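Here are some questions and answers to read beside the sequence and the model, which is a predicted one. Each answer works through its reasoning before it ends on what was asked.

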Amino acid sequence: MKIVTAIIKPFKLDEVRDALTSMGIHGLTVTEVKGYGRQRGHTEIYRGAEYAVSFLPKVKIEVAVPSSLVDATVSAIAEAARTGQIGDGKIFVTPISKALRIRTGETDEDAL
């Protein structure tokens with residue numbers, strides 16, 4: 001089992017969710033986050049004054065999948081989130097040592 005974490009642009013969330021749902025992945029967690037990568041933010045002009053925006057709004061998606069679906073999940077997220085512009089985001093894959101569905105007591109892949 002693995003947890004796939006993706007940091008993407010907020011307006012791409014629906015496309016990513018649709019891509020995952022079409023694969024049969026129905027459970028995911030979404031968090032609104034702020035951050036920056038190589039672009040290190042940007043500058044904006046507001047009422048004639050220029051100011052730096054250091055942290056850009058992003059969306060963090062976390063989805064737990066069986067190890068057999070990791071590559072397909074990463075590919076689906078990457079395709080759906082890609083705009084070709086700087087700041088498209090990153091995807092991280094982390095192992096899960098144990099999972100438990102609290103309601104039923106199911107464990108590991110049965111709990112996903």
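Q: What covers the buried residues of H1?
A: Helix H1 spans residues 13-22, and Val16, Ala19 and Leu20 are buried in it. These residues cover an arc of only 95° around the axis, which means that they lie on the same side of H1. What covers the buried residues of H1 includes strand S1 (2-8), strand S5 (56-65) and helix H2 (70-81).

Q: Which residues are joined into one network with Arg17 by salt bridges that share partners?
A: The side chains of Asp18 and Arg17 meet in a salt bridge, with 3.8 Å from N to O. Asp18 is partly exposed at 46% relative accessibility, and Arg17 is partly exposed at 40%. Through salt bridges that share partners, the residues joined into one network with Arg17 are Asp14 and Asp18.

Q: How many residues apart are Asp88 and Lys9?
A: Asp88 and Lys9 form a salt bridge in which the closest N and O atoms are 3.8 Å apart, and both residues are buried. Asp88 lies in the loop between H2 and strand S6 (89-95), whereas Lys9 lies in the loop between S1 and H1. The pair thus links distant parts of the chain, and its members are 79 residues apart.

Methods: Residues are numbered from 1 along each chain as its sequence is written. This is a predicted model: local features need pLDDT of at least 70, side-chain atom pairs count only at pLDDT 80 or more; totals for chains, interfaces and linings use all residues. Side-chain values use heavy atoms; hydrogens and water are left out. Buried means under 20% relative accessible area, exposed over 50%, partly exposed in between (1.4 Å probe, protein chains only). Helices (H or I, at least four residues) and strands (E, at least two) are DSSP runs, numbered from the N terminus. The arc is that of the directions from the helix axis to the C-beta atoms. Contact means heavy atoms within 4.5 Å. A salt bridge is a side-chain nitrogen of Lys or Arg within 4 Å of a carboxyl oxygen of Asp or Glu.
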